[in-house]
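Here is a short briefing to read alongside the model.

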Amino acid sequence: MDAYDAWVRGRVSASRYRHTLGVVKAARRLAEIHRCDVEKASAAAFCHDAAKGMPKDALLSKAEEGRWPLDWVDRMRPDLLHGPVAAILCYEELGIRDEDILNAIRYHTTGRPDMSLLEQIVYLADLIEEGRDFPELPRLRKLAEQDLTETLTEAFDLILRFILESGDLIHPTTIHARNWYRTKINANKEEESMIGQ
Ligand SMILES: [Fe+2]
Ligand SMILES: [Fe+2]
């Protein structure tokens, strides 16, 4: 794990590195609570923002080189590619071959429908780490210890609201992710009420 730490530290700004350590801590904690592999969570958390801050052209060319399918929104907002590009760098420079770790890194920005346990943990750890500060945070932190599906459903709604208010573009994968989790949570609630009848 020290190798990942040193590699990331050499690639990102001091404040991004501080954020990374916060995500590692939060991811390890969530992994323990939800019985996920703590070392995998730690590896993905260390590497998730390794491409953050890369120039737009470099992000686009690296994504193309790695045959990442580019959406029109990716071309308009190349920073959204820092997840997929970090995964390409981890594959090439760190020799990471574990697809679950690579996916957790790839999808930590947009999310996606039906994420694995590890992907969900890294996505949420990124949002709730100790350096973050927004009004809904205490509730999300508490909920993340109890129910990941419910937390993700709330998180996607919150993030989409935030993007809409900022007037920025929404990545289509985030919309698909939000719809998937909203449908899942509604189905879970229906099932619960059937059991209660
Ligand atoms: Fe990120
Ligand atoms: Fe991050």
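A residue is called buried here when its relative accessible area is under 20%. With that in hand, please keep in mind that this is a predicted model. By that cut-off, the buried residues of helix 3 are Val38, Ala41, Ser42, Ala43, Ala44, Ala45, Phe46 and Cys47.

**Helix 3 and its cover**

- Helix 3 is mostly covered, with 8 of its 10 residues buried.
- Which elements cover those buried residues? Among them are helix 1 (2-9), helix 2, helix 6 (82-94), helix 7 and helix 8.

**Helix 2 against helix 3**

- Helix 2 (residues 14-33) and helix 3 (residues 38-47) have axes that come within 8 Å and cross at roughly 155 degrees.
- Because angles over 145 degrees count as roughly antiparallel, helix 2 is roughly antiparallel to helix 3.
- The crossing of helix 2 with helix 3 is right-handed.
- On the helix 2 side, the contact is made by Thr20, Leu21, Val23, Val24, Ala27, Arg28, Ala31 and Glu32.
- Helix 3 meets them with Val38, Glu39, Ala41, Ser42, Ala45 and Phe46.
- Sorted by class, this contact of helix 2 with helix 3 has 9 nonpolar, 2 polar and 3 charged residues.

**The iron site**

- Which residues are the protein donors of the iron ion (ligand 1)? They are Asp49 (OD), His82 (NE2) and His108 (NE2), lying 2.1 to 2.2 Å from the ion.
- Along the sequence, the donor residues of the iron ion (ligand 1) follow the spacing D-x32-H-x25-H.
- Aspartate 49 bridges the iron ion (ligand 1) and the iron ion (ligand 2), and the two ions lie 3.5 Å apart.
- Aspartate 49 sits in the loop between helix 3 and helix 4 (56-65), while histidine 108 sits in the loop between helix 7 (99-106) and helix 8 (117-128), so the pair ties together parts that are 59 residues apart in sequence.
- Aspartate 49 is buried, at a relative accessible area of 2%, and histidine 108 is buried too, at 3%.

**Helix 8 against helix 10**

- Helix 8 and helix 10 (residues 148-166) pack at an angle of about 50 degrees, and their axes are 11 Å apart.
- Helix 8 and helix 10 are therefore oblique to each other.
- The crossing of helix 8 and helix 10 is left-handed.
- Helix 8 brings Leu117, Gln120, Ile121, Tyr123, Leu124 and Leu127 to this contact.
- From helix 10 come Leu148, Thr149, Thr151, Leu152, Ala155, Phe156 and Ile159.
- The contact of helix 8 with helix 10 has 10 nonpolar, 3 polar and no charged residues.

**Two buried residues to look up**

- Threonine 153 is found in helix 10 and counts as buried, at 3% relative accessibility.
- What does threonine 153 contact, leaving aside its neighbours within four places in sequence? The partners are Tyr181, Arg182 and Ile185.
- Alanine 144 belongs to helix 9 (residues 137-146), and its 0% relative accessibility counts as buried.
- Leaving aside neighbours within four places in sequence, alanine 144 is in contact with Leu30, His34, Ile128 and Thr151.
- Alanine 144 and aspartate 114 are 30 residues apart along the chain, and their C-alpha atoms are separated by 17 Å.

Methods:
Residues numbered from 1 in each chain as written. Chains lettered and ligands numbered in written order. Predicted model: local features only at pLDDT ≥ 70, side-chain atom pairs only at ≥ 80, totals over all residues. Heavy atoms only, no water. Axes fitted to C-alpha atoms, helices over the stretch in contact; angles between N-to-C directions. Helix = DSSP H or I, 4+ residues; strand = E, 2+ residues; numbered from the N terminus. Parallel < 35°, antiparallel > 145°, perpendicular 65-115°, else oblique. Left-handed = near helix turned anticlockwise from the far one by under 90°. Contact = heavy atoms within 4.5 Å. Nonpolar A, V, L, I, M, F, W, Y, C, P; charged D, E, K, R; others polar. Donors = N, O, S within 2.8 Å, 3.2 Å for Na, K, Ca; no water. Buried < 20%, exposed > 50% of the residue type's maximum accessible area, 1.4 Å probe, protein only.
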